[in-house]
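Here are my notes on this one, point by point. Have a look at the model first, then read on.

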Amino acid sequence: MKESEIRKIFMLIQNAYSNFVYDDFKVEFWRQTLEDVPFDLAEANLYQHIRNPENRFPPHPGVLAERPVQAAEGPYIPNAEETRIMLEEMYSVTPVPPTQGFLEMKARLLGDGK
């Protein structure tokens, strides 16, 4: 966010929480802390904070930076039995027939002549 946006946020906070005060140092600190946070997200989080009657104190920067939690849309999380089967399959050893080169080297080393 830009300094002008931080000052807008601070005006909103000050109007909601009369004990909130700020100075240039606080503006710069919050700007650095929230530099990668879009203003719209911070403003939405501020209004959500203000609307909650349990929030009797002004928000800190982390409240304004919080990204919305997304619903779990990723892959299915297996249960214990499915996990056991998956791990057995992952770590099972499948025999591979020896290559012709390996058989020839073995024969030379063992002196089989084969």
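**Notes on the model**

1. Let me start with His49, which sits in helix H3; helices here are DSSP runs of H or I of at least four residues, numbered from the N terminus. His49 is buried because its relative accessibility is 11% (buried is under 20% relative accessible area, exposed over 50%, partly exposed in between, with a 1.4 Å probe and protein chains only). Setting aside neighbours within four places in sequence, His49 contacts Tyr17, Asn55, Phe57, Pro58, Pro59 and Val63, where contact means heavy atoms within 4.5 Å.

2. Some housekeeping before going further. This is a predicted model, with pLDDT of at least 70 needed for local features and 80 or more for side-chain atom pairs, while totals for chains, interfaces and linings use all residues. Numbering runs from 1 along each chain as its sequence is written, and side-chain values use heavy atoms, with hydrogens and water left out.

3. Asn45 is another H3 residue. Its relative accessibility is 11%, so Asn45 counts as buried too. Beyond four places in sequence, Asn45 touches Val63, Leu64, Ala65 and Glu66.

4. Which residues line the largest pocket? They are Asn45, Gln48, His49, Asn52, Asn55, Val63, Glu66, Arg67 and Pro68. The pocket's volume is about 170 Å³. On a 1 Å grid over the protein atoms alone, a pocket is an open set of points where a 1.4 Å probe fits, with protein on both sides within 12 Å along at least five of seven lines, and lining residues have an atom within 4 Å of a point. Points are joined across faces, edges and corners, and the volume is the space filled by probe spheres set on them.

5. Who contributes most to that lining? The largest share, 3 residues, comes from helix H3 (residues 39-51). By class the lining splits into 2 nonpolar, 5 polar and 2 charged residues (Ala, Val, Leu, Ile, Met, Phe, Trp, Tyr, Cys and Pro count as nonpolar, Asp, Glu, Lys and Arg as charged, and the others, Gly among them, as polar).

6. H3 also packs against helix H1 (residues 3-16), at an angle of about 5° and with the axes 11 Å apart. That angle is why H1 counts as roughly parallel to H3 (under 35 degrees is roughly parallel, over 145 roughly antiparallel, 65 to 115 roughly perpendicular and the rest oblique). Axes are lines fitted to C-alpha atoms over the stretch in contact, and angles run from 0 to 180 degrees between N-to-C directions. H1 brings Glu5, Lys8, Ile9, Leu12, Ile13 and Ala16 to the contact, and H3 brings Phe39, Ala42, Glu43, Leu46, Tyr47 and Ile50. These residues divide into 9 nonpolar, no polar and 3 charged.

7. Now the loop between helix H2 (24-33) and H3, where you'll find Pro38. At 41% relative accessibility, Pro38 counts as partly exposed. Outside four places in sequence, Pro38 touches Met1 and Arg67.

8. Is Arg51 buried or exposed? Arg51, in H3, is exposed, because its relative accessibility is 65%. Arg56 lies in the loop between H3 and helix H4 (61-65) and, at 67% relative accessibility, is exposed as well. Arg56 and Tyr17 are 39 residues apart along the chain, yet their C-alpha atoms are separated by 8.1 Å.

Technical notes:
Helix = DSSP H or I, 4+ residues; strand = E, 2+ residues; numbered from the N terminus.
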